[in-house]
Amino acid sequence: MEMDERKIKILKAVIRNYLETGEPVGSRTVSKYTDLNLSSATIRNEMADLEEMGYILQPHTSAGRIPSDAGYRFYVDNMMQEQKDALDRREEELNAKESLLLEKVDRVEDLLQNVAKTLAANTNYATMVAAPHKSGRKIKFIQISQLERGKILAVLVLEGNTIKNTILQNVMELDTEMCLKLNVMLNSAVGGLTLEEINLSIISGLTAQAGEYGMLIRDILDAIAAAADSENDFQIYTSGATNIFKYPELSDNSKASELIYTLEEKQLLANLVNDSADKDGGIRVYIGEETPVDSMKDCSVVTATYELSDGAKGTIGIIGPKRMDYEKVVETIKSIKTQLDDAFKKGGE
């Protein structure tokens with residue numbers, strides 16, 4: 001069954017009406033909502049086809065239909081394609097209004113918190129902004145040295161001259177010659193790699209090569225990885241959590257409390273930040289089950305990645321019901337992304 005122009009217009013009419021009302025949409029409503037001049041009977045047949053194709057569904061025995069996740073996905077993909085090469089008047093208005101965000105703010109933390117608050121106020125959804133961080137930095141070198149009996153200092157120097165120190169307690173004692181050998185061994189094996197590239201094969205090779213010091217090598221690598229993890233901790237700013245109570249489909253006690261807990265315990269948003277950062281930096285729309293955060297499976301989430309001059313990246317996200325105003329949200333997030341990109345690039349000049 002083909003998705004022809006008539007079906008597309010009817011699907012759009014169903015979705016747009018449902019976005020506005022939150023109520024199932026019938027054929028009579030669609031007939032008033034399109035320029036197709038079709039009878040209610042013809043529209044009912046087309047809606048039956050759309051239901052068979054999986055784009056709409058009937059929540060109960062009434063004649064009304066609501067969009068499925070697949071319907072939202074088709075709608076969003078078409079909308080994104082239509083917007084790809086053009087900025088409309090609405091985005092220009094948003095640029096003018098929201099440019100005030102980036103004025104007279106000295107601290108990055110204040111700027112990002114302001115962005116989260118303004119996005120929540122302008123969209124009536126929940127919002128998050130992750131501060132820039134840079135993952136995948138290469139190891140320049142590792143230096144281990146004996147401090148005192150049972151204590152070893154391990155120093156990790158990452159690309160960009162980021163230095164992480166950690167002390168290993170209750171480990172075997174090393175003389176100067178063995179320290180030198182282990183340093184050469186470690187740097188020959190992992191120098192120039194990212195921490196993510198140090199796999200089981202590399203670790204096994206090192207421990208075999210180190211012989212009786214193999215367990216110490218494992219402990220050193222574990223301690224270094226733990227120290228480096230603190231470099232990649234996300235600072236996340238959220239706002240508008242209570243906006244979810246405006247949408248009946250999200251305000252169920254258990255759903256709402258779980259979603260609010262996720263927004264308050266901000267580290268639970270790390271999966272969303274990581275997933276968004278792995279993309280090409282464009283606008284990403286997650287619908288329902290596509291969302292990498294369990295408590296947001298009944299939501300839609302729109303994200304974008306902004307970038308600093310040194311390659312560090314941050315994430316902007318807007319969280320709302322599946323019937324969110326996608327056009328407004330995408331335009332808003334594009335505007336903020338552009339302004340943040342420009343602001344951070346200017347700051348780095």
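Reader: Hi! Which residue in β5 stands opposite I144?
Author: A154 in β5 stands opposite I144. Strands here are DSSP runs of E with at least two residues, and helices are runs of H or I with at least four, numbered from the N terminus. This is a predicted model, where local features need pLDDT of at least 70 and side-chain atom pairs count only at pLDDT 80 or more, while totals for chains, interfaces and linings use all residues. Residues are numbered from 1 along each chain as its sequence is written, and side-chain values use heavy atoms, with hydrogens and water left out.

Reader: Thanks! What is the bridge partner of I142 in β5?
Author: That partner is L156. β4 and β5 (residues 151–158) run antiparallel and are joined by 8 bridges; strands pair if DSSP finds at least two bridges between them.

Reader: And which residue in the hairpin of β4 and β5 takes a positive phi?
Author: G150 does, with phi near 80°, and the hairpin has 2 residues between its strands.

Reader: What's the strand order in that sheet?
Author: The open sheet runs β4-β5-β6, with antiparallel pairing. β4 (139–148) and β6 (162–169) each have a single partner strand, so one side of each lacks a neighbour in the sheet. From one strand to the next, the twist averages 15°, using lines fitted to C-alpha atoms and angles from 0 to 180 degrees between N-to-C directions.

Reader: How about the sheet of 5 strands, which ones stand at its edges?
Author: The order is β7-β3-β10-β9-β8, again open and antiparallel. Within it, β9 (residues 299–307) pairs with β10 over 9 bridges, and T305 stands opposite T315.

Reader: Switching topic: where is K322 found?
Author: K322 sits in the loop between β10 (313–321) and α12 (326–348). Its side chain makes a polar contact with the side chain of D69 at 2.8 Å (N or O atoms within 3.5 Å, one able to donate a hydrogen and the other to accept it; residues adjacent in sequence count only if both atoms are side-chain atoms).

Reader: Which residues line the largest cavity?
Author: L250, K255, L259, S295, D298 and C299 line it. A cavity is a set of points on a 1 Å grid over the protein atoms alone where a 1.4 Å probe fits but cannot get out, and lining residues have an atom within 4 Å of a point.

Reader: How much space lies in the largest cavity?
Author: About 30 Å³, taken as the space filled by probe spheres set on the points, which are joined across faces, edges and corners.

Technical notes:
1 Å grid on protein atoms, 1.4 Å probe; cavity = no way out; pocket = protein on both sides within 12 Å on 5 of 7 lines; lining within 4 Å.
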